[in-house]
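Subject: A structure for you to look at

Dear colleague,

My notes follow below it, so please read them with the structure in view.

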Amino acid sequence: MYTLRLWSVRHARGLRRVYDFFSRLAPAFAPVVRLVGRRRAETVLHPFERLLKGLMFDCRACGQCVLSATGMACPMNCAKEMRNGPCGGVRLDGRCEVKPEMACVWVEATAGTKRIAADRQAHPTPLLPAIDVRRRGKSTWIQVFEGRADPAFQPPVDSRIVPESELGPLERACRSGRFVVTVEVAPPDSADPGALLQRAAKFDGLVDAINITDGAGGNCHMSSVAASAILAAHGYDPVYQVACRDRNRIAIQGDILGAAALGVKNILCLTGDDVSQGDHPQAKPVFDLDAVSLLHVARGMCDRGEFASGRRLETPPDLFIGATVNPFVPPYRDRIANLEKKILAGARFIQTQFCFDVGLFEDFMAEVRRRGLHERAHILVGVGTLGSAKALKWMATHVPGVHVPEALIERIGRAEDPKRAAKAACIETIRALSGIEGVAGIHVMGHKNEDVLAQIIEESGLRRQPRLQAV
Ligand code: SF4
């Protein structure tokens, strides 16, 4: 089955022609469907559809087939059911983060899409909404016969007009054009807010905002929404990270409203690491939304003032909405399509995965500038350090989505003082990044490494303590 699935992607162009031919014929079958009745037509047709698509595409019968738009690779075979492009965890050899025995579905989809597209740089996959579970197990062919509506959702119209005085500190800093610095802090394994505030205080005066991770790596900590609210109440500007892994759209929207009500001004929409990476591998992953559909939902709440269901909000939240991108793993330059979709779906700032390879990032930024994406969203590049070659090697091998060049590992390994050498390499990276056109700032990351991260910010000459950024 898997071999046939790969064959279909390799022959995406021919299969797309077959699809186009039948979709032109489809309206002719509509009267037949009406005559025999939809239910009866479905009973006859659906087993045949399932068999054929099951064999050729490993079809999961989601009832919302988009194969013709995803290079004949079924996105439902993705372990996170991503509908809008690859997650950030794709392995360096193009294999899946969650199921390394198979190629990433979206690496396949990208290859298939480029086979179909005349312009091989193009990636016409539309913005796809989250799955409607009520349609699972239903025939898509019948929908095509009946002239189904375009499955793509319309990009949001940015109707958010907020006076400068009401913007949060991070948005103000991004708009000011100065080099922005954000830092990632993991909430504590504690019911005591003191532990969180202690970590945050290390960055007083050094950063424009503090990201609060949401079960990073699939590990359980204090909730991101609560930790963000605590920071907001203490004068910090938190970025509330929202992962789709643990909550469905009902819970997420409730949390977004709650966060805004508690003074949070920024959210970062993520798909999230798989549960298999963390300390609860036995947990059930949710992935009701992916990062793109979450962005769309969040923008709908802020801009149109409504839930994903269309129900009106009494008071809409007003949030600076961001997303992530990982240019350092396959499909490399084609990740640009993923970034473009996120911006189209509503992201106004972007934070990247760790950048240990400035050359690779420069290639990516060249394409970002060519498409003018840096003018539509503020791009903050992820940087950080680990104190030894062994730790870097471990990260490169065990953390899907992180690319560490061998040359860097060797450099740290050869150094007399590996910690100092790792810090120096990080500062060099920051200086190189600050010279790249279109880079709006950096996003500093490193689990339980706050002291070193604060030193890096100061020693790179970006900021000096003490200077508290009050909301
Ligand atoms: S690597 Fe990510 S996007 Fe690709 S198939 Fe696996 S879970 Fe899906």
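R335 lies in helix α12, and in this model, which is a predicted one, R335 counts as buried because 25 C-beta neighbours lie inside 10 Å, where 20 or more are needed. Leaving aside residues up to four places away in sequence, R335 touches V325, N326, P327 and F364. The C-alpha atom of R335 is also separated by 9.6 Å from that of G88, although these two residues are 247 residues apart along the chain.

M72, which lies in the loop between α4 (38–57) and α5 (105–116), has a positive phi of about 65° although it is not a glycine. Is M72 buried or exposed? M72 is buried, because 28 other C-beta atoms lie within 10 Å. E81 is likewise found in the loop between α4 and α5, and the phi of E81 is near 50°, which is a positive value in a residue other than glycine. E81 counts as buried too, since there are 21 C-beta neighbours inside 10 Å.

Next comes the ligand. There are 14 residues around it, of which C78, C87, C96, C104 and V105 come nearest. When the residues of this shell are divided by type, 11 are nonpolar, 1 is polar and 2 are charged.

Finally, here is the overall layout of the chain. The domain assignment gives domain 1 (2–145) and domain 2 (164–459), and the centres of these two domains, taken over C-alpha atoms, are separated by 31 Å. How many residues of domain 1 are in contact with domain 2? There are 25 residues of domain 1 in contact with 26 residues of domain 2, and on the side of domain 1 that touches domain 2 the residues divide into 12 nonpolar, 8 polar and 5 charged.

Notes: Residues numbered from 1 in each chain as written. Predicted model: local features only at pLDDT ≥ 70, side-chain atom pairs only at ≥ 80, totals over all residues. Near = placed C-beta within 6 Å. Nonpolar A, V, L, I, M, F, W, Y, C, P; charged D, E, K, R; others polar. Domains from an automatic or database assignment. Contact = placed C-beta atoms within 7 Å. Helix = DSSP H or I, 4+ residues; strand = E, 2+ residues; numbered from the N terminus. Buried ≥ 20, exposed ≤ 12 C-beta atoms within 10 Å, placed from the backbone.
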